[in-house]
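Notebook open, model loaded. I want to look up a few spots and jot down what I find.

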Amino acid sequence: MTQMLLLLLYGFMFLLATESCRTLCQAARKSKEQVPTRPHGECHGACVDNSYCSQPCPPDTPGDMGYLCRQKKWHKVTDTCRTLTAFNIFEADSYSVQTFGGSKISEYTKKPETITELLMEKCPRDLSCVIRNIQESPRIPGNIAVIVQLLHNISTVPMTDVDEAKMQSYSTMANHILNSKSISNWTFIPERNSSCVLLHSINSFARKLFVNKHPIDIANTFIHTVGTILSRDKAGKNFTFSMRVNDTSDVVTGKVLISREELQEVPSPSQAVSIAFPTLGAILETSVSESITVNGLVLSVILPKELERISLIFEKISKSDDRRTQCAGWHSLESRWDRKVCQMIRENSQQVVCKCNPSKIFTSFSILMAPHVLQSPILIYITYIGLGVSICSLILCLSIEALVWGQVTKTEISYLRHVCIANIATTLLMADVWFIVASFLSGPTRHHSACVAATFFVHFFYLSVFFWMLAKALLILYGILIVFHTLPKSVLVAALFAVGYGCPLLIAAITVAATEPGKGYLRPEACWLNWDMTKALLAFVVPALAIVVVNLVTVTLVIVKTRRVAIGSSMFQEVRAIVRISRNIAILTPLLGLTWGFGIATVLNDGLLAFHIIFSLLNAFQGFFILVFGTILDPKIRDALKNRVNSARWISRISENVSSDFSRRPTKGPS
């Protein structure tokens, strides 16, 4: 009887609880219907440039979306909306356990644990209990960030027995977010280094992979892992990968080659693991501030530390010939591409062969394609034809200066002027010659020391050209501004040579001393100052453009002074003044290097061929312009040449008369 009363009491309580639950649910549903939902995916209000707006994600989706106002329009910049959580990432039967009453109780009610801890508890053998829900989840930025964090946490779990099953599950998770359709969503993840974290995590987890006697080959669409045993008795070892970048592209190949000589250095047996990624290069571009494009597979190699050099063959994704290609390794500590660890051995329109130095810091390698590099045959022809004409013109200019030197340097100001012109011609001649030498030394296969020497002399002599042009401009300013106070001739000559040769030598020496020890002096593909790594090119660009600005001010002062003389004069005198101004501009433009100002236009609009052609024409033929405007059009030099010619004719006539006199004189016969 007592048991029956207890059962009736329990039944009444159960019905009461059920009815209360139904009432509460209906009330909650009505209140939810009455509360208006907040808008998502759009910003309201005035759009002021650089203002920020945050909007909620769709209903039942944690996170938010950030918008930034640019040019009066809202643009999405961040997105943390996610559908994957600790409660739904596991399969249904893996995160619930049976209780004595038959009902299921979630283990999350016992204690707070991370997804990684639960994963290691539920399926430590193969990590497969999250695969299905991850593969079914949308590849939105928030989900990508969750999976990246999960893969990172798994890679940091202490384990030494990573077998093929674990690696298969790990690769499947990574493959989901490496899909080519998810590349654009990586840009909205607030943590900009998420792709770097992913690459580091995969490489770290692969280091724990144990390769048994049989090779491991785990092929997914966007990640392919191969592991094998190395032994000294083999002729060599290579890993070959063939993968598609997206659904519509052709297959792109990549190879890792280990020579027999390198294998002799490793202990036997040793293991090697290589991983190929077709889309990771494009994903990494969202984390790198450098303006580069990855143009091949990203190949990671986990090798014995004794293997210090390997060969890599990359097929180009974009087979374009107008972009320069560079071999590079991924610096895992600084999260950037580093070109110093690789050397380009050979390149054609289809593929690139690189030699790289793997280490714990440099595990992943690829080829980079620099954007907006204009290489036109027209520019090459203009450059070399112009240099040839320029060299011949400068030799002729120096020869003329030598012939008339005594006649055109009688006054102090003319002496200093011709010292500047002669040194401008000499340094430009040497710079052009060393430029041609450096162009022959440039290329994938080059002698490093010779290339450093050629780059140093090109840098030094071109700087000397500019500083001698500056010296001439200062001499003009000295003549315009300082009329009554003059310095001794020896002081002025010493000052000119100190500016013309001392300053360039100091800048060139400091540049090579500061950058060459770290292999950052040269460009990877040419014998010229580096830009991408050390910005050594600034040691030429900054002084050159500063001198161009000073010289432009000098020309402006000359024009103003010439124009001031003609103010209030007759029409004829004003026309003569305009002619003088035009003549001064024509003479001073090549002598003061103002044509190099067109280099600014090529920097501002690098893709326009017309600016490059104008710049190449004006500067390749600069020696010819110096000959014409600085020497031939100088009336004093023309008069001196006429005097030399007349003197030569007079001497020739005298010699002819003397010889004729000797021929007419009768010879004395024998007595």
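Which residues does Leu 119 touch, not counting residues up to four places away in sequence? I get Phe 90, Pro 124, Leu 127, Cys 129, Val 130, Leu 150 and Ile 154, with contact taken as heavy atoms within 4.5 Å.

Ground rules for myself: this is a predicted model, where local features need pLDDT of at least 70 and side-chain atom pairs count only at pLDDT 80 or more, while totals for chains, interfaces and linings use all residues. Residues are numbered from 1 along each chain as its sequence is written, and side-chain values use heavy atoms, with hydrogens and water left out.

Helices here are DSSP runs of H or I with at least four residues, strands are E runs of at least two, and both are numbered from the N terminus.

**Strand pairing.** Next I checked strand 17 (residues 351–356), which pairs with strand 13 (residues 310–315) in the antiparallel sense over six bridges. Pairing needs at least two DSSP bridges between the strands. Phe 314 has Val 352 in strand 17 as its bridge partner. Strand 16 (residues 342–347) also pairs antiparallel with strand 17, over five bridges, and Met 344 stands opposite Cys 354. A hairpin of three residues joins strand 16 to strand 17.

Most residues other than glycine have a negative phi, so I noted two exceptions. Asn 50 has a positive phi of about 70° and sits in the loop between helix 1 (2–34) and strand 1 (52–56). Gln 71 has a positive phi of about 55° and is in the loop between strand 2 (64–70) and strand 3 (73–79). Buried or exposed, Gln 71? Gln 71 counts as exposed because its relative accessible area is 71%. Asn 50 is exposed too, at 63% relative accessibility.

Notes
Buried means under 20% relative accessible area, exposed over 50%, partly exposed in between (1.4 Å probe, protein chains only).
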